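My notes follow the order in which I looked things up.

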Amino acid sequence: MPGPDLLSNQGLRLDGRRPNELRRIICKLGVFTQPDGSAYLEQGNTKVLAAVYGPHHAAKSKSLQDGVVVNCQYSMATFSTGERKNRPRGDRKSLEISMHLRQALTAAIKTELYPRSQIDIYVEVLQADGGAFCASVNAATLALIDAGIPLRAYACACSASMAWLNGEPEALVDVGHVEEAAGGVVLTVASLPSTGSIGLLEQSHRLHMDYFNIVMSRAMQGCRDIEVILDKAVREHLAEGWTKQDVVTI
């Protein structure tokens, strides 16, 4: 359980946020022309690029008769952290996060529409400052939308942790690197907020059941807040595209 120093006496976190306040999110769709879909997302100081290729024909050894094969590859740039990574791709952690990405995104994709096909999703973390997996899910969702792949709902991911304020438990949403490094529990949720379903749930440490619902509800609220931000970015991107089309037509 993290120490009380994660919250000041005024109830503010180390970076000045309130417990229920997300880090600033900046996102943009269609940042590359070569992939079928792409997106760039900043969540605080964590910066992520996502690219989508497909759907395309899958190899016989991989194809499914009743749905699409979702292939995810997660990697971190060698300069993404303060310490240079010797193996930014293919290490055990990256492979594990790739599997989690696949699980979270497959829950959102209408896989039954593309039998014997494959969708490739590539995520590159340019700068890591906590919540890299959550930012990756959010960026990949935007890239899938940019590629025109039908989704059941937005796949949004958010983390939450625990702190104490005046002797009472207080859940912290959208955990940053300093808060992660404090050694407390971090609950990561990837959900489809509009449907209420959960695609992935991961917990870094043991957490007493008395506090689980507090942390879980804060993470789910974070997912709902992120969905609003992503939806606004998509609508602005579409409006910009229609404006350019009108200019060309005129």
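Predicted model: local features only at pLDDT ≥ 70, side-chain atom pairs only at ≥ 80, totals over all residues.

**Entry 1**

I then looked up the strand order. The open sheet has 4 strands, in the order E7-E6-E8-E9, with antiparallel pairing. Which strands sit at the edges? They are E7 (168-173) and E9 (197-203), and each pairs on one side only. From one strand to the next, the twist averages 25°.

I looked up what packs on the sheet. Helix H1 (residues 92-106) does, and it touches E8 and E9. The direction of H1 makes about 160° with that of E9. Helix H2 (residues 132-146) packs on the sheet too, touching E6 (156-165), E8 and E9. For H2, I wrote down an angle of about 150° with the direction of E6.

**Entry 1: strand E8**

I took E8 (residues 186-192) next and went through its bridges. E8 is joined to E9 by 6 bridges, and the two run antiparallel. Another 6 bridges join E6 to E8, also antiparallel. I listed some partners. Serine 159 has threonine 188 in E8 as its bridge partner. Valine 189 stands opposite leucine 201 in E9. Alanine 190 is partnered by leucine 200 in E9.

How many residues of E8 are buried? The count is 7 of its 7.

The hairpin of E8 and E9 has 4 residues between the strands. Glycine 196 in this hairpin takes a positive phi near 80°.

**Entry 2: helix H1**

I checked the length of H1 against expectation. At 1.5 Å a residue, its 15 residues should span 21 Å. The end C-alpha atoms are 21 Å apart, so the two agree.

Which residues of H1 are buried? I listed Ser94, Ile97, Ser98, His100, Leu101, Ala104 and Leu105. Seen down the axis of H1, the buried residues fall within an arc of 165°, so they line one face of the helix. I recalled the general rule here: an α-helix has 3.6 residues a turn, so residues three or four places apart point the same way.

On the other side of H1, I found Arg92 and Met99 exposed. I also looked up what the buried residues of H1 pack against. The partners are strand E4 (69-76), strand E5 (117-127), H2, E8 and E9.

**Entry 3: aromatic pairs**

I searched the whole structure for aromatic pairs and got 2.

The ring centres are 5.9 Å apart and the planes are at 75°, so I logged the pair as edge-to-face. Tyrosine 53 is in strand E3 (residues 46-57) and tyrosine 122 in E5, 69 residues apart, so this pair links distant parts of the chain. Tyrosine 53 is partly exposed, at 33% relative accessible area. Tyrosine 122 is partly exposed as well, at 31%.

The other pair is tryptophan 164 with tyrosine 211. Here the centres are 5.5 Å apart and the planes at 85°, so this pair is edge-to-face too. Tryptophan 164 is in E6 and tyrosine 211 in helix H4 (residues 209-249), 47 residues apart. Both are partly exposed: tryptophan 164 at 24% relative accessible area, tyrosine 211 at 21%.

I kept a general point in mind: most residues other than glycine have a negative phi, and most peptide bonds are trans.

Where is the cis peptide bond? It joins glycine 54 and proline 55, with omega about 5°. Proline 55 lies in E3.

I then noted two positive phi values. Asparagine 166 has phi near 55° and lies in the loop between E6 and E7. Aspartate 174 has a phi of about 55° and is found in the loop between E7 and helix H3 (177-181).

Is each of these buried or exposed? Asparagine 166 has 67% relative accessibility, so it counts as exposed. Aspartate 174 has 2%, so it counts as buried.

How values were computed
Residues numbered from 1 in each chain as written. Heavy atoms only, no water. Pairing = 2+ DSSP bridges. Axes fitted to C-alpha atoms, helices over the stretch in contact; angles between N-to-C directions. Contact = heavy atoms within 4.5 Å. Expected span 1.5 Å × (residues − 1). Buried < 20%, exposed > 50% of the residue type's maximum accessible area, 1.4 Å probe, protein only. Arc of directions from axis to C-beta. Phe/Tyr/Trp six-rings, centres within 6.5 Å; stacked < 30°, edge-to-face > 60°.
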